[in-house]
Amino acid sequence: MAVTSNMSLPAGQHPGASAAAAPAQGNWPRAKVPADQEWARQWCSVDAEDTLHQPSSAPVQWTTVNLGEVFPGVPTPLNWAVLAAGGERGLRGALFSIGVYGRSDLRIPDDPGERTIGIMWGRAVANLTKFREFADRSPGNSGDAMEAQIFGSNETQGGSHPQYGRYPFVVAKMPFAAIQKRRKLLALSSETQRWWEQAVFPARAHDRLAATELMWDAHRRIAKIFDPHNVMMMVALAVYTPVRALTESIGKPELATALLYTGDTEESKTVSDLWALSRGQIPLASFLRHHGFHGPRENEVSSRVWREDSTPVEKLMERYRQMDDSENPNLAGQKRMQDRHAAEATLMKSLSAAGRVKARLLLRLARHYVPTREMGRDAFLKGMDVVRCTARVIGADLVRLGLIDEVDDAFYLTPFELTELPPRLRERVTLRRSNRARYEQLEVPQRWSGLVEPTQAVQHELPEEVRGMGVSAGVVEGLVRVMLDPSDDDLEDGEILVCRTTDPGWASYFFIAAGVVIDIGGPLSHGAIVARELGLPCVINAKNATRQLRTGDRVRIDGTSGEVEILARASE
């Protein structure tokens, strides 16, 4: 029996109450915005009518690559307000922690063009100019390396421009920050798991005022998590790049996949627990209590995750149940560890004595920090799930008060609006729903400079050739399954999964696939890290693979070179 929760109510209705029971207009109690969260007001009120289009004419480069993982498609205004504000604040805190930014850089600028992330025509975008700038301030890093590893390619003309003035600060602060922030993230991860369980099993906040207080607590925690999470991203970049360079220097780039295996990511645990669930070793309720914040489009707060609707979990469980016991992920993990030892032995034979000492230190750091990046993602997704839960409680009460028409209208309001209840909420929701629907019909390029004009989403004629970046070694041949959403769960064992982007909810489907091709991302994107952990050949940054390939095509993918060879079209 699926565990479901349907909060969509007719206008003016609320569980256990009727529209007639609503207080007189304006006489309801209002919550207060916590003083320590006032910093986010400028972020949420750039444009009171349209929070999903904040253009800037500044001559900087923007790109949709990478943030497509965090904001799949067009986010709801609440999703953008909470996650983007926390992300911007956390990134600035991280850059200060490692010495790249000074204290004056901690404040979020009023001009969207001066921020590290923004949103235009409903698409979350990264300020590539800013990202390259802070990479150029770091010794051992560069704007070119940052662009290639985080954004999947390097198309910027003119190369990197090192800013040596910040080097002494980074040298002094980064080693300490790497150790301290990892410890902090480990502590936050454990604490957030307990907090999330207490908040949603069962829902701790049953009335609007309590839910509002808990929503702001989630807002606070998300920004707090993003600080060490982003430090881990920077450290992971600093150690991943030389590991890949080391394997390329001995002519064996494919070794990087095996060398970086740890078996200790949050996604590996989800797959292992799902396998145990399929074998009757743990109950569904226990699985959901640990992993229930995952689900289709889990990065979007208006979606319904596994704890609200367990149907996708039950379907996955059936898929896993049909797999042979020899495919147990724990057995596969043992084999992956043997492969890691063999790859390390091969590497060491090719190096001098001094090179072996350096390589061992480098591998230790990479295995220490690269998986930790996924721990931060896991933690802030739990925070977003608490926002999801509280928004539906608040929305139900606003329906009862006659301020909005549906519970999920709450996702079209910002945390400040849900707290202070300004006039004309219904009109704001209507306008923002309309804007979001319009943006979903538009397209923007993957990168541009300054302002950009969108185009209508149409099917363009695309070349036959599909190519991306190899980020997890291996060559595999199979039938394609194009999936735009993990809830489209027709993936069969041994097929090649082709998707636009991924979030942690996709990991359970990776385990079924024989290989993965992803439109958006780079070597340290979520999909790439999970593919390496599962030993799955993966090509990322394939740009339009979801449109160039069709379900039923037979392809061969090379997770080292990034080549995707079309062997036969489905119609043939």
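How do the residues of the lining of the second largest pocket divide into nonpolar, polar and charged? In this predicted model, they divide into 13 nonpolar, 9 polar and 8 charged, where Ala, Val, Leu, Ile, Met, Phe, Trp, Tyr, Cys and Pro count as nonpolar, Asp, Glu, Lys and Arg as charged, and the others, including Gly, as polar. Local features require pLDDT of at least 70 and side-chain atom pairs pLDDT 80 or more, whereas totals for chains, interfaces and linings use all residues. Residues are numbered from 1 along each chain as its sequence is written, and side-chain values use heavy atoms, without hydrogens and water.

The second largest pocket has a volume of about 560 Å³. A pocket is an open set of points on a 1 Å grid over the protein atoms alone, with protein on both sides within 12 Å along at least five of seven lines; a cavity is a set of points where a 1.4 Å probe fits but cannot get out, and lining residues have an atom within 4 Å of a point. Volumes are the space filled by probe spheres set on the points, which are joined across faces, edges and corners. Of the 30 residues lining this pocket, Pro 329, Ala 332, Gly 333, Arg 336 and Leu 534 are the closest to its centre. Two or more lining residues come from each of helix 8 (255-259), helix 9 (266-278), helix 12 (329-349) and helix 17 (526-534); helices are DSSP runs (H or I, at least four residues) numbered from the N terminus. The largest share, 7 residues, belongs to helix 12.

The whole structure contains 4 cavities of 30 Å³ or more. The largest cavity has a volume of about 310 Å³, and of its 23 lining residues the closest to the centre are Asn 66, Leu 67, Val 70, Phe 226 and Asn 230. At least two lining residues are supplied by each of helix 2 (67-70), helix 3 (77-97), helix 5 (143-151), helix 7 (208-249) and helix 13 (353-400), with helix 3 giving the most, 5 residues. The lining comprises 14 nonpolar, 5 polar and 4 charged residues.

The second largest cavity holds about 50 Å³ of space. Its lining is formed by Leu 260, Thr 265, Val 370, Pro 371, Ile 529, Arg 532 and Glu 533. Helix 13 and helix 17 each give two or more of these residues, and helix 17 gives the most, with 3.
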